[in-house]
Amino acid sequence: RIVGRGEERGIREQEFQVLVHSSRVGSPPPPINNPRDLTTSPLKVIANECFSFPTKMGATISVAPVKSLRVVNALTGFSRQIGEREPQTVPSIFEFQEARWAMAMETNTEGVFLHFEEGSVPVSADHPRASYWLRRYEEENDTSLHPQHVWWHTLSHLLIKHISLDSGFSSASIRERTYAIEGSDGSIAGGVLLFPSQQGGDGTL
């Protein structure tokens with residue numbers, strides 16, 4: 001889940017904005033007569049392959065097939081449940097030459113990114129379930145509990161189930177990254193990125 005506050009949220013918010021921008025103009029973006037413009041990028045999205053469609057709720061979903069995606073997973077710590085004691089996180093980050101290091105694995109894969117067009121709202125605040133999650137969000141001040149994020153999280157699991165039937169990937173090998181970015185006006189922008197943990201191992205999206 002891509003949620004959070006402070007510096008972590010800032011990095012992840014930039015990631016969401018890059019994906020949204022790429023769904024509109026592609027990635028790498030077309031050069032603008034600038035010799036410093038990149039001609040290659042670890043994120044490859046072809047603009048004319050992206051599309052959008054309206055939903056019964058009146059919102060519009062944008063779909064961006066991601067041809068190439070660089071994913072880096074870093075291990076910052078782990079926890080283990082022993083008996084009835086509360087599990088404690090054991091950090092795995094170490095310091096070397098005045099820098100903090102973590103074990104990481106880089107993967108080049110593919111995926112699909114979905115988000116709502118600007119101004120589209122997936123969940124009405126008048127819906128009983130939305131009211132329940134909105135109340136929890138306000139009580140705990142946790143963006144992951146906002147009804148918009150819950151909606152995207154639920155949709156991602158449904159998509160994983162159906163994509164696994166057509167793509168050749170097992171549902172366990174398809175990962176999700178759900179986004180819930182809170183704006184200055186309190187609105188939530190969200191989306192989901194689905195990608196296989198290992199490209200070419202089982203099939204293709």
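Let me start with a definition: a residue is buried under 20% relative accessible area, exposed over 50%, and partly exposed in between, computed with a 1.4 Å probe on protein chains only. By that scale, Glu 176 at 22% relative accessibility counts as partly exposed, and we will come back to this residue.

A word on what we are looking at, everyone. This is a predicted model, where local features need pLDDT of at least 70 and side-chain atom pairs count only at pLDDT 80 or more, while totals for chains, interfaces and linings use all residues. Residues are numbered from 1 along each chain as its sequence is written, and side-chain values use heavy atoms, with hydrogens and water left out.

Now the overview. The protein chain has 3 helices and 9 strands; these are DSSP runs numbered from the N terminus, helices being H or I with at least four residues and strands E with at least two. Along the sequence the pattern reads α-β-β-β-β-β-β-β-α-α-β-β. Of the 205 residues in the chain, 33% are buried. Contact, for today, means heavy atoms within 4.5 Å. Among contacts with a separation of 6 or more, 58% come from residues 24 or more positions apart.

Five strands form an open sheet in the order 1-2-7-9-8, with antiparallel pairing, where two strands pair if DSSP finds at least two bridges between them. Strand 1 and strand 8 are the edges, each pairing on one side only. On average, neighbouring strands of this sheet are turned by 35 degrees against each other, direction ignored. Strand 2 and strand 7 pair antiparallel over 13 bridges. If you want one to look for on screen, Ser 62 has His 115 in strand 7 as its bridge partner.

Helix 3 packs on this sheet, touching strand 2, strand 7, strand 8 and strand 9, and its direction makes about 160 degrees with that of strand 8. For such angles, axes are lines fitted to C-alpha atoms, for helices over the stretch in contact, and the angles run from 0 to 180 degrees between N-to-C directions.

Let's stay with that helix. Helix 3 covers residues 147-167, 21 residues in total, and spans 29 Å from its first C-alpha to its last, close to the 30 Å expected at 1.5 Å a residue; the expected span is 1.5 Å times one less than the number of residues. Its buried residues include Trp 152, Leu 155, Ser 156, Ile 160 and Ser 164. Here is a handy reminder: an α-helix has 3.6 residues a turn, so residues three or four places apart point the same way. What covers the buried residues of helix 3? The cover includes strand 7, helix 2, strand 8 and strand 9.

Next, the nonpolar cores. A nonpolar core is a set of buried Ala, Val, Leu, Ile, Met, Phe, Trp, Tyr and Cys residues joined through side-chain atoms within 4.5 Å. The largest has 15 residues, and those with the most contacts inside it are Val 66, Leu 69, Phe 113 and Leu 193. Helix 1, strand 2, strand 8 and strand 9 each supply at least two of its residues, and the largest share, 4 residues, comes from strand 2. Outside its sequence neighbours within four places, Phe 113 is in contact with residues including Phe 16, Leu 19, Val 66, Tyr 179 and Leu 193. A second, separate core of 13 residues includes Val 112, Phe 116, Leu 155 and Val 192.

Back to Glu 176, as promised. This residue lies in strand 8. Which residues does Glu 176 touch, not counting those up to four places away in sequence? They are His 153, Ser 156, His 157, Ile 160, Leu 193 and Leu 194. Its side chain makes a polar contact of 2.3 Å with that of Ser 156, and another of 3.3 Å with that of His 157. A polar contact is a pair of N or O atoms within 3.5 Å; within protein, one must be able to donate a hydrogen and the other to accept it, and residues adjacent in sequence count only if both atoms are side-chain atoms.

Last, some backbone details in the loops. Ser 27 and Pro 28 are joined by a cis peptide bond, with omega about -5 degrees, and Pro 28 sits in the loop between helix 1 and strand 1. Glu 98, in the loop between strand 5 and strand 6, has a positive phi near 60 degrees and is exposed, with a relative accessible area of 88%.
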